[in-house]
Amino acid sequence: KTAYEMLRSLVGSEMCIRDSVYRVTIRNRDLYVRIQGDWVLVGLDAQALDLVPADSGEWFRGLSDSAEVAIKIAPQQLIRLDKKAIREFLKRQERVTRIASRVAGSQEVREAIIEPVLETAMEAIRQTDHVTINCQIDRTEKKLLGSCTWAAKAGSDLAEHFAQQRYVTSPLVAIRDWKDSVFTMGWSATFPAPSEENLRSLGSLIQNRWHQQIDRRISNQSAAQNAKSLADELLELLGDWARVGKMDGVITLVSSPDQITLLVGGYVANSAGLENWVGSLIESAQQQAPRAFDRVTILPNHTFHGDATIHLMQISLKDKLAPEQIAVLGEDLEVAFTAVNGYAAVAIGKNAVGVIKRAIDDAVTLGDQTAPAFECKLNIDDLVAALARVVPQDSRLQQLKSDLEQCEGVQSVSKKVEFSNQQMAVTFGMDLNLLTLPKR
């Protein structure tokens, strides 16, 4: 009974209701505990404990033997949980309740957003076989490793969708492997395109909300009407993208001794439409707030590269930046933009046009490739060092840079999402050296 004695010291009152089964009360909630060999079993009702196999270890078959923590979840069983207990828990979460009440208070929001999302989530649960979560410490490599596997039922639509993701390709995969990037995030996956009815319903809801916000914030009727037109055009572009059912993008921060540049690119479906929309947005901003462009030079059709037309905006900051900032950002901060063949990209920083050209060249040369559906790689010490050069006056950032330099090895964090026949696997890794950073 050693395990029970330890448990009893942590909870409130207890009562033995039958051999090796005890009722304990925690925060006015009854739980039932059963001592079974070396195991302590906890359930919401006593009868549930009778369903546990004689060898409790059977439940853990298939989980990692090396994990410090291993969890297996059967969603089908979660659906059968005590709904009263769930409702009581949610009632205690006042903030969640307030937000849910405010959002769901609108019938159109419930019909256009909440109900379809809940229906999709419930169907995904019904088609799920199990979810496993593992967490372990690699003491040799000094890393914290985690994984989560979502397994669909064989033959289900969810299993078919998972299987299809293995063959999704992207021309942006090459950019994920740039060696001079201190941060990279890339994604490539497909999703079921919404029906035209759902698109119209959701589009109408978003349009009404945007128009209401514009009317409240812009008093000039002409300016408000122009803003509404731009909002409507953007909504149409989002609809074009949603109809295709494709997510494909990349974000990367390039850092070298004499350059820091951010690149964001992705699939937009209607690239020509987006290019026209960005042009209209700039023209409208110039008309409405001309003084904001005193330091700005707009160079449309600045240069051509293959099929792409690259537009450039230069922001003069020479008298605003310190010499060390000018060294990595340039005297004129560049913002380059292009949209072609269903894709769009924007680069911000030094030599932005060159970074976009480099991305185009790599995408064309290496072509479409399969890759993890999601991938994120972050070298924390290199990222902080880069940001410290951009904002040298930030004392906290400079101190963090100094602290990281004292840590052993490279400090990195990574996350990856991959698909197999009927599974989605999420893996996570972090250098444990980060835990040695001084607390300030």
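1. pLDDT is the predictor's confidence in each residue, on a scale from 0 to 100. This is a predicted model, and the protein chain has an average pLDDT of 87, with 87% of the residues at 70 or above. Confidence is lowest in helix α5 (residues 94-104), where the mean is 54. Strand β15 (residues 343-349) is at the other end, with the highest value, 98.

2. On the largest pocket: it holds about 1300 Å³ of space. Its lining comprises 44 residues, and T120, F191, P192, A193 and P194 are the closest to the pocket centre.

3. Which element gives the most residues to the lining of the largest pocket? Helix α6 does, with eight. Elements that each supply at least two lining residues are α6 (107-126), α7 (157-164), β9 (181-190), α8 (196-217), α9 (221-244) and β18 (412-419). By class, the lining of the largest pocket has 27 nonpolar, eleven polar and six charged residues.

4. The crossing of α13 and α14 is left-handed.

5. Which residues make the contact between α13 and α14? From α13 come I380, D381, V384, A385, L387 and A388; from α14 come L397, Q398, L400, K401 and L404. The contact of α13 with α14 counts eight nonpolar residues, one polar and two charged.

Conventions:
Residues numbered from 1 in each chain as written. Predicted model: local features only at pLDDT ≥ 70, side-chain atom pairs only at ≥ 80, totals over all residues. Heavy atoms only, no water. Left-handed = near helix turned anticlockwise from the far one by under 90°. Helix = DSSP H or I, 4+ residues; strand = E, 2+ residues; numbered from the N terminus. Contact = heavy atoms within 4.5 Å. Nonpolar A, V, L, I, M, F, W, Y, C, P; charged D, E, K, R; others polar. 1 Å grid on protein atoms, 1.4 Å probe; cavity = no way out; pocket = protein on both sides within 12 Å on 5 of 7 lines; lining within 4 Å. Points joined across faces, edges and corners; volume = space filled by probe spheres on them.
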